[in-house]
Amino acid sequence: MNTTTMMRAMPAEHRNQLLRIAREVNFPQGTRIFEEGRRADRFWIIRSGTVTLDMHVPGRPAAIIENLGLDELVGCSWLFPPHTWQLGAQATSPVRAYEFDATAVRLMCETDPELRAAVAQWVGQVIAHRLQAARTRLLDLYAPYGSGSPR
């Protein structure tokens with residue numbers, strides 16, 4: 001069970017607050033949704049389709065960190081300064097998603113401490129999961145066999 005989706009991680013009251021400002025968007029397969037190092041001014045919740053998160057590796061093709069699907073959050077960097085994407089994202093199939101304006105969500109969080117706590121906990125869970133996924137993936141790609149075992 002994926003506990004990092006908005007549906008599972010946030011109380012219905014706060015989830016509905018956010019969904020009221022969402023707009024529906026579509027991305028054709030192959031669309032670069034965002035690039036590492038660029039300004040993170042929005043985020044998405046996948047309604048259908050798949051998105052890969054990737055990381056630039058100098059001198060090599062980008063390393064795919066994680067594949068995302070239904071109800072998963074695309075983009076975490078919008079919540080924390082400097083609001084710059086830490087990964088890249090690409091639609092690997094046609095994607096329908098809810099898109100959220102990051103500035104509007106941050107402003108809502110400034111005026112509603114309970115919403116701020118719910119969003120911070122949800123995005124924090126996603127970030128913790130993605131850090132582990134990135135570690136595992138990078139060890140799979142670049143470390144000698146067995147070097148990723150817990151100490």
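Phenylalanine 34 has a relative accessibility of 6% and therefore counts as buried in this predicted model, since buried means under 20% relative accessible area. Tryptophan 85, at 4% relative accessibility, also counts as buried.

A search of the whole structure finds seven aromatic pairs. In one of them, the ring centres of phenylalanine 34 and tryptophan 85 are 3.8 Å apart and the planes lie at 15°, so this pair is stacked. Because phenylalanine 34 belongs to strand S2 (residues 32-34), while tryptophan 85 sits in the loop between strand S6 (73-74) and strand S7 (88-91), the pair ties together parts that are 51 residues apart in sequence. Both residues also belong to one aromatic cluster, which is formed by Phe27, Phe34, Trp44 and Trp85.

Another pair joins phenylalanine 43 and tryptophan 122, whose ring centres are 6.3 Å apart with the planes at 65°, so the arrangement is edge-to-face. Phenylalanine 43 is part of strand S3 (residues 42-48) and tryptophan 122 is part of helix H4 (residues 113-142), so this contact ties together parts that are 79 residues apart in sequence. Phenylalanine 43 is buried, with a relative accessible area of 0%, and tryptophan 122 is likewise buried, with a relative accessible area of 0%.

The two pairs are set out below.

| Pair | Centre distance | Plane angle | Arrangement |
|---|---|---|---|
| Phenylalanine 34 and tryptophan 85 | 3.8 Å | 15° | stacked |
| Phenylalanine 43 and tryptophan 122 | 6.3 Å | 65° | edge-to-face |

Technical notes: Residues numbered from 1 in each chain as written. Predicted model: local features only at pLDDT ≥ 70, side-chain atom pairs only at ≥ 80, totals over all residues. Heavy atoms only, no water. Phe/Tyr/Trp six-rings, centres within 6.5 Å; stacked < 30°, edge-to-face > 60°. Helix = DSSP H or I, 4+ residues; strand = E, 2+ residues; numbered from the N terminus. Buried < 20%, exposed > 50% of the residue type's maximum accessible area, 1.4 Å probe, protein only.
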